[in-house]
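Subject: The two-chain model, and what I found in it

Hi,

Here is the structure I promised to pass on. Open it in your viewer and keep it beside this email while you read.

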Amino acid sequence: MKYYKPATFEEAVALVAGAEGVTRILAGGTDVLVQMRSDIITPDTLIDIKAIPGTHEITRTKDGGWRLGVAVTGAEMSEHPELGRDWPGVVEAMDLIGSTQVQGRATPVGNLCNGSPAADSVPAMIAAGAAVTVTGPEGSREIPVEQIPVGPGKTSLAKGEIITALTLPPRGAQGGDAYLRFIPRTEMDIAVVGCAVNLRLNGDVITEARMVLGAVAPTAVVVHAAADALVGRTLDEDALTALSDLAEASCNPIDDKRGTIKFRTHTAGVLARRAAKIAYSRAKGATA
Amino acid sequence: MSKTHVTTKVNGDEVEFLCDPRETLLDVLRDRLHLTGAKEGCGTGDCGACSVTVDGRLVCSCLMLGVEAEGKEIGTVEGIAEGETLHPLQQKFIEYAALQCGICTPGILVATKALLEKNPDPTESEVRYWLAGNLCRCTGYDKIIRAVMDTAAEMREAS
């Protein structure tokens with residue numbers, strides 16, 4: 001295995017594009033190193049992007065959104081004084097992953113590129129309308145996070161392409177997001193079901209709504225009909241029931257040791273209700 | 001396989017080593033630098049027995065490559081005591097018998113020292129969440145938590 005530590009993204013892209021065999025990008029390494037150890041992957045080329053300037057920075061964009069470098073860790077996101085005020089759902093989703101030790105290294109972009117259907121940060125990023133900058137030999141383009149995963153362990157990135165930044169849109173007024181997941185214990189487990197909800201209100205009335213489910217299909221599921229069910233109304237019992245029904249109907253889960261199809265489907269509905277209530281109260285100014 | 005030359009600091013001392021890029025920081029610490037305090041429990045970041053700090057940040061040394069240590073400051077359990085004088089956490093762990101087989105203890109000491117530096121007055125819940133990634137199969141955790149809470153209280157009084 002060859003190990004490279006490029007100083008620029010141009011250099012990194014050239015390395016990725018020119019590499020033969022199996023190539024992996026190393027940011028936090030909390031998935032890559034586990035996969036190497038268990039012989040799931042044996043990279044011929046490992047490209048450590050952490051020496052590239054800016055990859056550790058969380059910065060406000062000109063339009064009031066956020067730009068996260070690709071090596072920004074969960075711990076850095078949780079410790080940031082302002083990011084979690086704008087996007088508490090994204091920060092809490094990332095924070096649910098692994099232990100304190102894992103938080104010190106794991107990155108949301110790594111979580112995305114690993115392609116797990118159960119990745120906690122991914123539904124939250126999609127609900128928030130996050131985008132990634134994809135850079136390849138032909139240049140850079142910005143694409144929504146939801147277009148990256150295409151199946152378990154698979155992304156839409158072409159050979160020679162890497163993700164070079166993550167952006168979150170401006171939070172704007174009266175918005176709130178939330179992420180909940182179900183695991184059978186308190187910490188240190190992989191989502192059986194995850195659910196992210198992002199709302200915007202005008203007074204008590206919902207004007208924008210996005211719901212995304214995790215771990216109930218080969219990729220995160222954007223429940224587009226959630227907007228139709230919620231926009232123009234308050235989050236009353238009927239709205240919650242409609243949302244819960246939509247969540248259940250959007251599930252296409254597997255049966256495995258962590259949860260049956262029936263259990264996952266039911267839980268998706270329960271989490272949809274609960275996450276929507278939290279997002280709604282945050283949109284109304286709650287800070288918890 | 002060509003080896004990479006790495007310069008880093010371990011417990012304040014500058015060290016150099018040559019390592020294969022596939023070697024983890026844990027392999028390097030144990031096999032090249034002969035610091036065997038950090039233990040390999042699982043090798044996959046689940047058990048925390050290999051916990052060290054890197055630039056003050058708690059990480060699993062099994063989930064980091066040795067080559068990534070270039071220019072960093074590594075802290076291991078060997079650097080916790082000052083000479084013959086044990087760190088208050090080490091003293092309390094003995095006093096409370098907060099260990100049995102001892103395999104998890106170096107990782108738990110490194111982890112709790114990092115916690116108390118960040119938060120000198122943690123609640124019991126905060127200690128338990130912080131240590132969720134440090135598995136102990138002997139103690140049932142209760143003595144560990146009590147030792148940490150008592151150390152924190154004593155260190156607050158002393159400061």
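Let me start with chain A. Chain A has 11 helices and 14 strands. Its radius of gyration is 19 Å, close to the 19 Å that the globule rule gives for 288 residues, so chain A is as compact as a globular protein of that length. Please keep in mind that this is a predicted model.

How far does the C-alpha trace of chain A span along its principal axes? The spans are about 55 × 45 × 35 Å. Of the 288 residues in this chain, 51% count as buried. Now take the contacts in chain A with a separation of 6 or more: 63% of them come from residues 24 or more positions apart.

**A β-α-β unit in chain A**

Find β2(A), α2(A) and β3(A). Together they make a right-handed β-α-β unit. The strands β2(A) and β3(A) pair in the parallel sense, over four bridges. To see one pairing, pick A:T23: its bridge partner in β3(A) is A:T45.

Next, look at the side chains of β2(A). In a regular strand the side chains alternate between the two faces of the sheet. Strand β2 of chain A covers residues 23-26. A:T23 and A:I25 point one way, while A:R24 and A:L26 point the other way. Are these four residues buried or exposed? All are buried.

**A four-strand sheet in chain A**

Now move further along the chain. Four strands form an open sheet in the order β11-β12-β13-β14 (chain A), and the pairing is antiparallel. Which strands stand at the edges? They are β11 (175-182) and β14 (221-222) of chain A. Each has a single partner strand, so one side of each is left without a neighbour in the sheet.

Start from β11(A). It pairs with β12(A) in the antiparallel sense over eight bridges. A:G175 stands opposite A:R200 in β12(A). Seven of the eight residues of β11(A) are buried, so this strand is largely enclosed by the rest of the structure.

A helix belongs in this picture too. Helix α5 (residues 88-95) of chain A lies across β11 and β12 (193-202) of chain A. It runs at about 20 degrees to β11(A).

Strand β13 (residues 205-214) of chain A pairs with β14(A) in the antiparallel sense, over two bridges. There, A:V212 has A:V222 of β14(A) as its bridge partner.

**Chain B**

Chain B has five helices and five strands. Read along the sequence, its pattern is β-β-α-β-β-β-α-α-α-α. A compact globule of 159 residues would have a radius of gyration near 15 Å; chain B has 16 Å, which agrees. Its C-alpha trace spans about 50 × 30 × 25 Å along the principal axes. Buried residues make up 42% of the 159 residues in chain B. Among its contacts between residues at least 6 apart in sequence, 60% join residues at least 24 apart.

The five strands of its open sheet come in the order β2-β1-β5-β3-β4 (chain B), and the pairing is mixed. At the edges stand β2 (13-19) and β4 (57-60) of chain B. Each has a single partner strand, so one side of each is left without a neighbour in the sheet. Neighbouring strands of this sheet are turned by 40 degrees against each other on average, direction ignored.

Zoom in on one strand pair. Strand β3 (residues 51-54) of chain B and β4(B) pair in the antiparallel sense over four bridges. B:V52 has B:V59 of β4(B) as its bridge partner. Helix α3 (residues 105-118) of chain B packs on the sheet. This helix touches β3, β4 and β5 (73-75) of chain B, and its direction makes about 40 degrees with that of β3(B).

**Where the chains meet**

Last, show both chains together. How many residues of chain A are in contact with chain B? There are 19, in contact with 22 residues of chain B. On the side of chain A that touches chain B, the elements that give two or more residues are α2 (32-37), β3 (45-48) and α6 (100-103) of chain A. The residues of that side divide into eight nonpolar, seven polar and four charged. Notice that α2(A) and β3(A) are also parts of the right-handed β-α-β unit.

Best wishes

Definitions and conventions. Residues numbered from 1 in each chain as written. Chains lettered and ligands numbered in written order. Predicted model: local features only at pLDDT ≥ 70, side-chain atom pairs only at ≥ 80, totals over all residues. Contact = placed C-beta atoms within 7 Å. Nonpolar A, V, L, I, M, F, W, Y, C, P; charged D, E, K, R; others polar. Buried ≥ 20, exposed ≤ 12 C-beta atoms within 10 Å, placed from the backbone. Pairing = 2+ DSSP bridges. Right-handed = clockwise from strand over helix to strand, strands pointing away. Axes fitted to C-alpha atoms, helices over the stretch in contact; angles between N-to-C directions. Rg over C-alpha atoms; globule rule 2.2 N^0.38 Å.
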